[in-house]
Amino acid sequence: MDPLLKLQNVSVNFSGLKALNNVTFNAFSGEVRAVIGPNGAGKTTLFNAISGYVPSTSGSISFNGEPINGLAPHDISIKGVRRTFQTGGLFPEMTALENILAGLHVEIKAGFLDIILGLPEAREAERKAIVRAKKLLNLMDLASVAEQPVKDLSGGQQRMVEIVRTLATEPPLLLLDEPVVGLSPPMRDRMMEIIRRLAGEEGIGILLIEHVIDLVMSGSDKIIVLSSGELIAEGTPAEVRQDREVLEAYLGHA
Amino acid sequence: MAKVKEQNLITRERLRWVYYFLPILALVIPFIVNEYILWIVNAILVYTLVTLGFNIIIGNLGQLAFANTAFFGIGAYTAAILMVYGNMPYILAIFMSAIVGGIAGFLASVAALRGIRLYYLAIITLAFGELMRWVYLHGDTVTKGSDGLKIPEEIYFLGLSLDSEVPKFFVFLLLTVLVVKVTSNLMRSKIGRAIVSIRENEATTASLGIHTAKYIILAFVWSGAIVGIAGAMFAVLTERVLPEAFGLTEVIIHFGMVLIGGTGSIVGSVIGAITLTTLPEYFRQFPGMDELFFGIIIVLILLFLPKGLVSLLWRISPAFKERYYRD
């Protein structure tokens with residue numbers, strides 16, 4: 001199987017500091033791949049590089065066989081790599097429904113003139129998107145809060161809204177930056193279950209930054225370990241658990 | 001969702017009919033008020049568009065760009081110059097004011113696109129307004145400098161002579177209703193959502209595949225075009241276009257209308273325009289004290305209703321809260 005995402009010798013420098021150094025790995029459809037490592041290891045920088053938020057200094061990133069490094073974030077998103085953010089990714093004053101609709105932006109085919117004149121095609125495209133957004137909210141038990149500004153929702157609901165918003169266009173690759181942080185343990189399990197289902201049933205490739213080691217071990221197919229910007233280990237949870245270098249760098253004991 | 005609505009007499013569906021009915025109801029105004037009051041009503045119609053356009057930048061896009069008086073002045077001078085020197089029919093002059101205002105909006109967006117934000121954007125756009133005032137003053141072979149440019153005596157809008165406040169009212173009402181309607185359509189679409197998303201979080205907006213620069217430009221161009229149209233109306237309202245009408249005091253009034261009405265709200269723009277156009281006229285009966293009263297009212301409103309007068313309507317019914325989608 002061809003890799004969905006291919007990183008080759010990707011480096012990111014911030015004024016001399018090597019935030020990522022020669023990172024190489026592949027990610028596949030239908031796979032949950034966790035990215036772990038201590039604080040400052042470059043996990044979020046990795047996501048930023050893939051999604052176009054920071055330019056990579058060297059190396060190549062390709063998605064579906066097409067190079068994507070150098071593209072603007074919105075273009076990478078349109079190609080099918082969508083991401084969430086560690087914090088503050090939502091539009092707080094907008095309702096849950098409006099957030100999802102913003103997520104569906106590129107799928108709403110309506111021209112400028114059709115929109116300002118309120119012509120039937122534009123209204124139909126808008127209505128279709130609303131039906132779809134409501135359906136998605138329903139699936140995640142968020143129908144009751146659809147009309148509320150997301151700033152008034154609980155932490156768990158906010159995470160769900162963000163994931164639904166990111167998933168709305170059914171992207172082939174999803175980058176989730178700490179999707180369970182701030183959630184209660186039952187909510188965490190539920191979220192991991194949803195993530196597993198997205199990979200297993202929908203065939204979405206998932207890259208996941210996560211700190212809770214139990215969740216990583218039980219919930220992912222593959223793990224890559226970053227330390228000081230370098231990829232120090234890659235393998236199944238069982239393999240990574242045995243890795244000496246990982247134990248030293250990350251788990252804190254030799 | 002439906003439950004909350006049923007408890008309230010004011011539903012979105014009913015409100016929609018009210019919004020459609022209000023302009024029709026307004027048609028009786030010229031028959032029940034005198035020429036002076038009608039002049040104020042006409043000024044309200046002009047300032048409704050001024051505020052509507054400014055609110056897109058301040059409220060929806062969330063940028064502190066104060067080029068609004070520049071757009072307003074550019075619109076007024078464009079219309080006046082084309083009518084005076086080009087004998088252009090008013091309806092075409094209005095169209096040109098929208099175009100030139102839109103171009104000015106595009107120029108203002110360049111600063112925002114270059115990553116200039118907050119106070120820096122505020123000062124640059126204020127400077128743009130002052131620069132334009134310098135142009136009006138010093139381009140006196142065309143603009144007649146501080147004497148102002150007097151528009152032609154006889155102006156027709158599609159055959160209707162605008163020789164008094166009454167015909168002006170009908171034309172201004174038509175223009176205002178049309179512009180408010182298309183702007184409302186725009187704000188309740190994917191475009192309006194993209195603009196508000198940028199205000200809420202520019203970085204994550206891009207992650208949804210939204211080309212943020214495109215929508216920043218669009219917001220500024222739309223704002224400039226609307227306020228340009230308002231300028232063309234203002235030229236006919238005041239009959240003489242003067243540079244001092246577009247100074248720093250005017251910026252403060254525009255900003256006040258946005259804040260007092262309610263940022264990011266079309267209904268708020270209308271309320272802000274009505275309030276800040278009528279109050280100074282009302283306080284004229286207290287010479288010497290008028291500016292003081294005016295100032296106190298503004299401070300009180302902002303102190304107790306930080307979301308503007310429109311938030312009073314939200315207390316009556318949530319149906320007044322504008323949505324960024326249209327079903």
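In chain A of this predicted model, strand β7 (residues 173–177) and strand β8 (residues 205–209) run parallel and are joined by five bridges. Within this pairing, A:Leu176 has A:Leu208 of β8(A) as its bridge partner. Both strands belong to an open sheet of six strands in chain A, ordered β6-β7-β8-β3-β9-β10, in which the pairing is mixed. The edges of this sheet are formed by β6 (81–83) and β10 (230–235) of chain A, each of which pairs on one side only. From one strand to the next, the twist averages 20 degrees.

A:Leu226 is placed opposite A:Leu231 of β10(A). The two strands β9(A) and β10(A) form a hairpin with two residues between them, and A:Ser228 in the turn has a positive phi of about 45 degrees. Strands of a sheet pair through backbone hydrogen bonds, in either the parallel or the antiparallel sense.

The pairing of β4 (residues 58–63) of chain A with β5(A) is antiparallel and extends over two bridges. One residue pair in this stretch is A:Phe63 with its bridge partner A:Glu66 in β5(A).

Among the helices of chain A, α3 (residues 96–103) and α5 (residues 120–139) have axes that come within 9 Å and cross at roughly 115 degrees. The crossing of α3(A) and α5(A) is right-handed. On the α3(A) side the contact is made by A:Ala96, A:Leu97, A:Ile100 and A:Leu101, and on the α5(A) side by A:Ala129, A:Ile130, A:Ala133, A:Lys134, A:Leu136 and A:Leu137. By class, the contact of α3(A) with α5(A) comprises nine nonpolar residues, no polar residues and one charged residue.

Taken as a whole, chain A has 10 helices and 10 strands. The radius of gyration of chain A is 19 Å, close to the 18 Å given by the globule rule for 254 residues, so chain A is as compact as a globular protein of that length. Along the principal axes, the C-alpha atoms of chain A fill a box of roughly 65 × 40 × 35 Å.

Chain B has 16 helices and four strands. Its radius of gyration is 20 Å, close to the 20 Å that the globule rule gives for 327 residues, so chain B is as compact as a globular protein of that length. The C-alpha atoms of chain B fill a box of roughly 60 × 50 × 45 Å along the principal axes.

In chain B, helix α13 (residues 248–261) packs against helix α14 (residues 266–283) at an angle of about 125 degrees, with the axes 7 Å apart. The helices α13(B) and α14(B) are therefore oblique to each other. The crossing in which α13(B) passes α14(B) is right-handed. From α13(B), the contact involves B:Ile253, B:Gly256, B:Met257, B:Val258, B:Ile260 and B:Gly261; from α14(B), it involves B:Gly268, B:Ser269, B:Val270, B:Ile271, B:Gly272, B:Ala273, B:Thr275 and B:Leu276. Classed by type, the contact of α13(B) with α14(B) has eight nonpolar and six polar residues, and no charged residues.

The contact between the two chains takes 33 residues from chain A and 25 residues from chain B. On the side of chain B that touches chain A, α9 (165–187), α10 (190–200) and α11 (202–207) of chain B each supply at least two residues. The largest share of this side, seven residues, comes from α10(B). By class, the side of chain B that touches chain A has 12 nonpolar, eight polar and five charged residues.

Terms used. Residues are numbered from 1 along each chain as its sequence is written. Chains are lettered from A and ligands numbered from 1 in the order in which they are written. This is a predicted model: local features need pLDDT of at least 70, side-chain atom pairs count only at pLDDT 80 or more; totals for chains, interfaces and linings use all residues. Two strands pair if DSSP finds at least two bridges between them. Axes are lines fitted to C-alpha atoms, for helices over the stretch in contact, and angles run from 0 to 180 degrees between N-to-C directions. Angles under 35 degrees count as roughly parallel, over 145 as roughly antiparallel, 65 to 115 as roughly perpendicular and the rest as oblique. A crossing is left-handed if the near helix is turned anticlockwise from the far one by less than a right angle, and right-handed if clockwise. Two residues are in contact if their C-beta atoms, placed from the backbone, lie within 7 Å. Ala, Val, Leu, Ile, Met, Phe, Trp, Tyr, Cys and Pro count as nonpolar, Asp, Glu, Lys and Arg as charged, and the others, Gly among them, as polar. The radius of gyration is taken over C-alpha atoms; the globule rule is 2.2 Å times the number of residues to the power 0.38.
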